[in-house]
Amino acid sequence: MFWRPAFEVDLGRVLGPLKRGRGSLNILTDERGITWLASNTPDGPGTLALRRLSDGRIEAAAWGAAKDRLLSGVPALLGADDDDAGFVAHHDVVARARRANPGLRLGATGVVWDWLVLAVLEQKVAGKEAIRSWAELCRRFGARPPGPAPERLRVPPSPSAVLALPDWHWHRAGVDIKRRTALLNAARIAPHLERAVELRGLEGRHWLRQVPGIGVWTAAEIAQRAWGDPDAVSFGDYNIPSMVGNAVLGTKLDDAGMAEVLAPYAPQRQRAVRYLEAAGHTRPRFGPRIELRDYRAM
């Protein structure tokens, strides 16, 4: 399949929120420049391969039970359904970031489960710890993807695989009881959670939050990836309030302060955050670092 977008696509940038470095065994780019994505979907598992051609077209191929779903979802995945109409930069730093990143688009995978698992693993722990658990679960309990995929690529553990995991495997993967329980709660009703993609927005996030263990932060992280929610800010994040505060005001903020700063951007508050991130703004490096906890040693 070939798709010619009406805008320039930067595969690395639009798919960046899905990646977690070498720990992302469900999405990777090979030496030929082909990006591979292995997914669980309501139609079953599938593999998608994407490559941007020199003339701007996107070449896509897919395999598995989810082949048709993945191919039809390529435009949305790469930001074709994203609409920044009405977005106004209320701060100079956001305006500069927008000018520097005119092609920034929020992509939508169209599925909930895989990104729910990743978001739950990232709850209240350091990034390296979460990525280690994500890679361990994908490598040991994910499935080999259909099609001619790279050897490292894995479909993340399905809901049935999560439900079948004994306690010692969670322990080996470094997943504590609280996050484990949230994943088990979600796995029991996983098909119903996909409805959040249809509901979208605040209603979709509220639907996800009916699962014990899925709060505001986790629902926002899922929404950003599942339907490219432009207003789903990750309140409760360790880094984002400080990043926003430092970029906009030159000072550290908490959630309440960030909410006040971002209020004029509703219903596109997350887009403002993404512009700041795309411009390279980060959390100031001060204060103690989070200590990595190894639950396997407990």
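Two strands pair if DSSP finds at least two bridges between them. This is a predicted model. Its 5 strands form an open sheet in the order 1-5-4-3-2, with antiparallel pairing. Strand 1 (2-3) and strand 2 (27-29) are the edge strands, and each pairs on one side only.

**Background**
- Strands of a sheet pair through backbone hydrogen bonds, either parallel or antiparallel.

**Strands 2 and 3**
- Strand 2 runs antiparallel to strand 3 (residues 35-41).
- The two are joined by 3 bridges.
- Thr29 has Thr35 in strand 3 as its bridge partner.

**Strands 3 and 4**
- Strand 4 covers residues 44-52 and pairs with strand 3 in the antiparallel sense.
- This pairing extends over 7 bridges.
- Leu48 in strand 4 stands opposite Leu37.

**Strands 4 and 5**
- Strand 5 spans residues 58-64 and runs antiparallel to strand 4.
- Here too the text gives a bridge count: 7 bridges join strand 4 to strand 5.
- Ala61 in strand 5 stands opposite Ala49.
- The hairpin of strand 4 and strand 5 has 5 residues between the strands.
- In that hairpin, Gly56 takes a positive phi near 95°.

**Reading the order**
- Strand 1 (2-3), as an edge strand, pairs on one side only.
- At the other edge, strand 2 (27-29) likewise pairs on one side only.

How values were computed
Residues are numbered from 1 along each chain as its sequence is written. This is a predicted model: local features need pLDDT of at least 70, side-chain atom pairs count only at pLDDT 80 or more; totals for chains, interfaces and linings use all residues. Side-chain values use heavy atoms; hydrogens and water are left out. Helices (H or I, at least four residues) and strands (E, at least two) are DSSP runs, numbered from the N terminus.
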